[in-house]
Amino acid sequence: MAWVILVLSGMLEAVWATALGKSQNFRRPLPTVIFAAGVILSMAGLAWAMQSLPVGTAYAVWVGIGAVLTAAYAMAFGGEKATAMKVLLLLGVVGCVIGLKLVG
């Protein structure tokens, strides 16, 4: 169950990171509320998962999932240019996250 919570928390990291960018320095109310809720839920899930998983593994997986999803969203919807090298490197992060699950 810890891995499921960790993955969901990593996904919420992407939500709050994206909302933070859309909040325009906390001047837009809806993205600011989404950011606050996302960061609280994401951190709570990470903390819960760390009760059963090693801290380093849990944090690396959480950051990796959040980073990949945030970058993918930005490339798909936010105007960030998607290049073959960026996609390849993000797939490398995904591979590393999967590897941490397999060895952990």
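**Exercise 1.** Which residues does Phe35 touch, not counting residues up to four places away in sequence?

*Solution.* The model is predicted, so local features need pLDDT of at least 70 and side-chain atom pairs count only at pLDDT 80 or more, while totals for chains, interfaces and linings use all residues. Residues are numbered from 1 along each chain as its sequence is written, and side-chain values use heavy atoms, with hydrogens and water left out.

Step 1. Phe35 lies in helix α2; helices are DSSP runs of H or I with at least four residues, numbered from the N terminus.
Step 2. Contact means heavy atoms within 4.5 Å. With residues up to four places away set aside, Phe35 touches Trp16, Ala19, Leu20 and Phe26.
Step 3. Phe35 has a relative accessible area of 16%. Phe35 is therefore buried (buried is under 20%, exposed over 50%, partly exposed in between, with a 1.4 Å probe and protein chains only).

**Exercise 2.** Describe how α1 and α2 pack, giving axis distance, angle and handedness.

*Solution.* Step 1. Two packed helices are described by the angle between their axes and the distance between the axes. Axes are lines fitted to C-alpha atoms, for helices over the stretch in contact, and angles run from 0 to 180 degrees between N-to-C directions.
Step 2. The axes of α1 (residues 2–22) and α2 (residues 29–49) come within 7 Å and cross at roughly 155°. This makes α1 roughly antiparallel to α2 (over 145 degrees; under 35 is roughly parallel, 65 to 115 roughly perpendicular, the rest oblique).
Step 3. The crossing of α1 and α2 is left-handed, meaning that the near helix is turned anticlockwise from the far one by less than a right angle.
Step 4. Among the residues making the contact are Ser9, Leu12, Glu13 and Trp16 of α1 and Phe35 and Ser42 of α2.

**Exercise 3.** Is Ser42 buried or exposed, and what does Ser42 touch beyond four places in sequence?

*Solution.* Step 1. Ser42 is found in helix α2.
Step 2. Its relative accessibility is 0%, so Ser42 counts as buried.
Step 3. Apart from residues up to four places away, Ser42 touches Ser9, Leu12, Glu13, Trp16 and Trp62.

**Exercise 4.** Which backbone oxygen does the side chain of Thr32 reach?

*Solution.* Step 1. Thr32 is also placed in helix α2.
Step 2. The Thr32 side chain reaches the backbone oxygen of Arg28 at 2.7 Å.
Step 3. Leaving aside neighbours within four places in sequence, Thr32 is in contact with Ser23, Phe26 and Arg27.

Key
Helix = DSSP H or I, 4+ residues; strand = E, 2+ residues; numbered from the N terminus. Polar contact = N/O pair within 3.5 Å; in protein donor to acceptor, adjacent residues only side chain to side chain.
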